[in-house]
Amino acid sequence: MNGRGADAGGGRAETLAERQAGLVAALTAGAPVPEGFDGRLVGVARVALLRKRAGDVAWQWPLLAAGHGAEWTGTFARWAARRPTNGSLRDGWDFARELGAALPALAGAELAAREAEWRYDGTSAPRRRRGPAVRRAGGVVAVQIAGRVRVLRRTPAAGRA
Amino acid sequence: MSTEYGVGIGWRPEIAGFVADLPGLRFAEVVAESVHPHGDLPPGLDELTGRGVAVVPHGIRLSLGGAEPVEPARVQHLAGVARRLGAPLVSEHIAFVRAGGVEAGHLLPVPRSREAVDAVVANVRRTQAELDVPIALEPIAAVFDWPDDEMDEGAFLTEILDRTGALLLLDVANVYANARNRGTAPAALLDRVPLERVAYVHVAGGAEHDGIYHDTHTDAVPEAVLALVAELSARHRPPALMLERDGDYPPAAALRAELDAIAQASGYPAVT
């Protein structure tokens, strides 16, 4: 041990596991950059990671991303900056739910259809629903019966309420 | 890997049709985590194995460089996928992807220290114990280094390969990215690693953000990376080289041109 950045404070050298965890926390959860690292470069890596996550979520949730247009990467990256990934499917789902009324109309159908087809408790992997379901999101209603999903849009006048 | 496969491509669902139409293809790679070891193969992939194309599972979530032991279920999955595909080998990264129960979402560098070499070697051995075929290890492109690096990259990689008997998956785009970002000569690493241990080679494109070149796999392959393919092939031509593309897929003609450029730089026949 050369001691650089390896002291946990109590005189005990940090283990590799602890140091790796500290680095992951800095990259994914807004924790301070561990001592000894180039803060600028770790910051560059953090931003690149968020850009990659935004791209992965856009692949899983194309209408959620399209609904944000050119703002997608920046908007998602701000939301994700202190939230470690749970995989792009769940990340996009959590983000879409949190948007609530701010969910772009385009993304409403996508979210409502998934909510009708899958049961997702926000903490573990989504599971396909066994029974029928009706779910609303962004002014769109999705009806799922026997695994088939139909999306019902409100009339434009009603949707502008 | 003694067989010469020539030029291959990373199989992805989005380009399955394009890959299926490559008449000379003998080598492809698939993301191991996207294949079920017992269920049906993704549409198109079974046709490739059926016509004798070697398909290598490429793991991205094993975290061989993690201080914790690799998760047995992930190792079993990789071994199962290799059997399912009849693969001649598997590959994974010298990197860690999670720590303290948190997923990083990306491949992160391990320190080039004795302690980290020991951790990587232990995890590679745990993985090899479950595999029926050899494993090739891929060094990653790292945007930053650890403050406690004790070895240069060549010594670090050589020691891991020597102690595990693993093969090398050399990503020339990573070599280029690391050299460009550190201000060193890309070809210098070729003098420092055992080129006769190269199982195959990744070729990909990247882009510059914030003054740093990122190995994105979503951009065109730069001339400098093709030059490195030519340099490597002149010294010790690898048995296979493959194009890695993971998004922003260009028209088929552009992908064909990239495959042809790799063939030309390495001296292998075109597969298009």
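Biologist: How many residue pairs are in polar contact between chain A and chain B?
Modeller: This is a predicted model, and between chain A and chain B it has five residue pairs in polar contact, counting pairs with both residues at pLDDT 80 or more.

Biologist: And which helices of chain A supply at least two residues each to the side that touches chain B?
Modeller: Those are helix H1 (16-28) and helix H2 (39-60) of chain A, and it is H2(A) that gives the most to that side, with eleven residues. By class, the residues on the side of chain A that touches chain B divide into 17 nonpolar, six polar and six charged.

Biologist: What is the count of salt bridges between chain A and chain B?
Modeller: The count there is one salt bridge. A:Arg19 forms a salt bridge with B:Asp148, and the closest N and O atoms of that pair are 2.4 Å apart.

Biologist: What area is buried between the two chains, chain A and chain B?
Modeller: About 2500 Å² is buried between chain A and chain B, and carbon and sulfur atoms give 68% of that area. On the chain A side, the residues that lose the most area to chain B are A:Leu16, A:Gln20 and A:Val24, which together make up 23% of what that side buries. In terms of residues, the contact takes 29 from chain A and 29 from chain B.

Biologist: Let's stay with chain A but switch topic: what does its domain assignment give?
Modeller: The assignment gives domain 1 (15-100) and domain 2 (103-161) in chain A, and the C-alpha centres of these two domains of chain A lie 26 Å apart.

Biologist: How many residues of each domain of chain A are in contact with the other, and what area do they bury?
Modeller: In chain A, 16 residues of domain 1 are in contact with 16 residues of domain 2, and the two domains bury about 1500 Å² between them, with 61% of it on carbon and sulfur atoms. A:Arg90, A:Trp93 and A:Arg97 supply 42% of the area that domain 1 of chain A buries against domain 2 of chain A, which is more than any other three residues.

Biologist: What about salt bridges and polar contacts across that domain interface in chain A?
Modeller: Across the interface of domain 1 and domain 2 of chain A there is one salt bridge, and A:Glu115 and A:Arg97 have side chains that meet in a salt bridge at 2.8 Å, N to O. That domain interface of chain A also has ten residue pairs in polar contact, both residues being at pLDDT 80 or more. On the side of domain 1 of chain A that touches domain 2, helix H3 (62-68) and helix H5 (88-99) of chain A are the elements giving two or more residues, and H5(A) gives the most, with seven.

Biologist: Which residues is A:Thr28 in contact with, leaving aside its neighbours within four places in sequence?
Modeller: With those neighbours left aside, the contacts of A:Thr28 include A:Leu49, A:Ala80 and A:Pro84, and also B:Val102, B:Glu103 and B:Ala104.

Methods
Residues are numbered from 1 along each chain as its sequence is written. Chains are lettered from A and ligands numbered from 1 in the order in which they are written. This is a predicted model: local features need pLDDT of at least 70, side-chain atom pairs count only at pLDDT 80 or more; totals for chains, interfaces and linings use all residues. Side-chain values use heavy atoms; hydrogens and water are left out. Contact means heavy atoms within 4.5 Å. Buried area is the accessible area (1.4 Å probe) that two parts lose on being put together, summed over both. A salt bridge is a side-chain nitrogen of Lys or Arg within 4 Å of a carboxyl oxygen of Asp or Glu. A polar contact is a pair of N or O atoms within 3.5 Å; within protein, one must be able to donate a hydrogen and the other to accept it, and residues adjacent in sequence count only if both atoms are side-chain atoms. Helices (H or I, at least four residues) and strands (E, at least two) are DSSP runs, numbered from the N terminus. Ala, Val, Leu, Ile, Met, Phe, Trp, Tyr, Cys and Pro count as nonpolar, Asp, Glu, Lys and Arg as charged, and the others, Gly among them, as polar. Domain bounds come from an automatic or database domain assignment.
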